[in-house]
Amino acid sequence: MQTRFFFILMFILFLACGKNDNVEPLFLDNSFIAARDNETWKGTTAISLTASDTLIFLAVGKGLDNGVMVAKMKFNGIGSYKLYDSNGSYYNTLGGDVLISEYAIEEASNGIFSISAYDNENRYIEGSFELPLKATRLNNPEIKDSLLIISDGQFKGFIREEILE
């Protein structure tokens, strides 16, 4: 599992884009802001589209200990998408490379990933997300709560130029 997390983290770092200095919005392109258990959580995103039209959204919090969120959905443009089970997950790390907990969408529940703007020509996308998560693995005895709520999420950025196979 640590190998998978390391691969995801390295993939995100490889895809990181430069910031856009021309605008002073609430957050910059290829970034996100959300509430993680009612505390502000923000960082960068990497957004990819596969040949089979699956949108893969990766959010990496600022700093080494701020976790990684992954959302996957069949992409059909602007609209709301329900995320179930492993289509929405979160990985909490220690030092950026030690996986201390994993979360997936809580059973009998779903997350919402909404696309509010999409420009196919420029590959620009923005939207919002909310995920009710339940721990699937806790490796840190200091973590007592097995629930994690990510809410009020907003993102914007560009889908990578190349299409993943």
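How many salt bridges does the structure hold? The structure, a predicted model in which local features need pLDDT of at least 70 and side-chain atom pairs count only at pLDDT 80 or more, while totals for chains, interfaces and linings use all residues, holds one salt bridge, defined as a side-chain nitrogen of Lys or Arg within 4 Å of a carboxyl oxygen of Asp or Glu. Residues are numbered from 1 along each chain as its sequence is written, and side-chain values use heavy atoms, with hydrogens and water left out.

The salt bridge is formed by R137 and E102, whose closest N and O atoms are 3.1 Å apart. This pair links distant parts of the chain, 35 residues apart, with R137 in strand β9 (residues 124-138) and E102 in strand β7 (residues 98-105); strands are DSSP runs (E, at least two residues), numbered from the N terminus. R137 is partly exposed, at a relative accessible area of 28%, whereas E102 is buried, at 8% (buried, under 20% relative accessible area; exposed, over 50%; partly exposed, in between; 1.4 Å probe, protein chains only).

The largest nonpolar core comprises 28 residues, and L55, F57, M69, F113, F129, I150 and F155 have the most contacts inside it. Such a core is a set of buried Ala, Val, Leu, Ile, Met, Phe, Trp, Tyr and Cys residues joined through side-chain atoms within 4.5 Å. Strand β9 gives the most to this core, with five residues. A second, separate core of seven residues includes A46, V68, V70 and L99.

S31 lies in strand β1 (residues 31-36) and is buried, with a relative accessible area of 8%.

Conventions. Helix = DSSP H or I, 4+ residues; strand = E, 2+ residues; numbered from the N terminus.
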